[in-house]
Amino acid sequence: FDMPHHTWSAEVLGASGISSGQLPPAYPPGAVIGGVDRAAARATGLPEGLPVFAGLGDGQAGGVGANICEPGAAYLTLGTSVISGSFSDHYAVNTAFRTMTGGDAHSYLLETVLLGGTYTLEWLFKTFLGKRGPAAARTRDALDQSLDDIPPGSDGLVLVPYWNTAMNPYWDASASGIVAGWRGIHRPAHLYRAILEGIALELRLQFEGVEAALGYPLDRLVAMGGGAQNPRWCQIIADVLGKPVYRTAAAETAALGAGILAAVGSGLYASTTEAAAAVARGEDHIFHPRPGEQAFYTRLYEEVYRPLYPALREPLRRLAQMQP
């Protein structure tokens, strides 16, 4: 897809032997693409003829619902995968991110993806600790309470959260998770904190790449998703990034973003930017970085975390290919 021109790429189609007629028509977000027909109306109870508008992917729609519609702003979805999207008013390509369409014409969202987000926490509870259902929930609550008793850095335990390989910036299908610094003092609570810190440290690596490509800092980060309901984790992220983290007040930002696109398409607002400013619900809490913790995490990131995976990349590649 030729994103700057909003059409299928003739060059790529020609090289692949695919014709444009074999692909669906492309519409910009918010465009009317049809209406509810009689059969669909009977099946759903929706009025026949109700307009249907083109939408966005769930993450990008969530960005619209969180009012990420201007440079310097980014959304942060703390879910099974941890995904951030930084607003850009120009098309850009870089190994630091994947480029997605924004809500308005000629706007883009530069996304970073960590596939081992809360997935890694679920692995800890279910696979590593053998807790499921209510027992997993109780274990999670107990480990969360224990965060107050374990200092930043998890008493020397550092984790690189590549439980599901690595996308940006390495794009390495052979990547795997790393836990470094194990000692006899470490308990499950240390590993739990190390996972939360490791994801935050990876976010710092990702945001640094995006900021370098954009040429300006990201100063507004809006957190959403299930993980955003954990205030201790949001505070760790703010401390590691050295940036305030705003937690959205909207329960379903992706659905809200889809509604905003429909509102623009129906003529209620002139642009997605205008609609998001009017409709987005703002934040219910702001987590500010704490100077002492921020300084410690900066040392941990620069001296340990950032060089750790590059130093082990080749052995991990060999390990992934090794068979008995």
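Asp-148 and Arg-232 form a salt bridge, with their closest N and O atoms 3.0 Å apart. A salt bridge here is a side-chain nitrogen of Lys or Arg within 4 Å of a carboxyl oxygen of Asp or Glu. The pair links distant parts of the chain, 84 residues apart. This is a predicted model, where local features need pLDDT of at least 70, side-chain atom pairs count only at pLDDT 80 or more, and totals for chains, interfaces and linings use all residues. Residues are numbered from 1 along each chain as its sequence is written, and side-chain values use heavy atoms, with hydrogens and water left out.

**The Asp-148 and Arg-232 link**

- Asp-148 sits in the loop between helix H5 (134-146) and strand S7 (158-160), while Arg-232 lies in helix H7. Helices (H or I, at least four residues) and strands (E, at least two) are DSSP runs, numbered from the N terminus.
- Asp-148 counts as exposed because its relative accessibility is 54%. Arg-232, at 24%, counts as partly exposed. The cut-offs are under 20% relative accessible area for buried and over 50% for exposed, with partly exposed in between (1.4 Å probe, protein chains only).
- Asp-144 joins Asp-148 and Arg-232 in a network of salt bridges.

**Salt bridges within helices**

- The structure holds 18 salt bridges.
- In helix H6 (residues 188-214), Arg-193 and Glu-197 are four residues apart, so about one helical turn separates them. Their side chains meet in a salt bridge at 2.9 Å, N to O.
- Arg-193 is buried at 6% relative accessibility, and Glu-197 is buried at 2%.
- Glu-303 and Arg-299 form a salt bridge, with the closest N and O atoms 3.3 Å apart. Both are in helix H10 (residues 291-321), four residues apart. Arg-299 is exposed at 52% relative accessibility.

**The sheet around S9**

- Seven strands make an open sheet in the order S5-S6-S4-S3-S9-S10-S11, with mixed pairing. Two strands pair if DSSP finds at least two bridges between them.
- Strands S5 (98-101) and S11 (283-287) stand at the edges with a single partner strand each, so one side of each has no neighbour in the sheet.
- Strand S9 (residues 220-224) is mostly covered, with four of its five residues buried.
- S9 pairs with strand S3 (residues 73-78) in the parallel sense over five bridges. Ala-223 in S9 is the bridge partner of Leu-76.
- S9 also pairs with strand S10 (residues 245-248), in the parallel sense over three bridges. In S10, Val-245 is the bridge partner of Leu-221, and Arg-247 is that of Ala-223.
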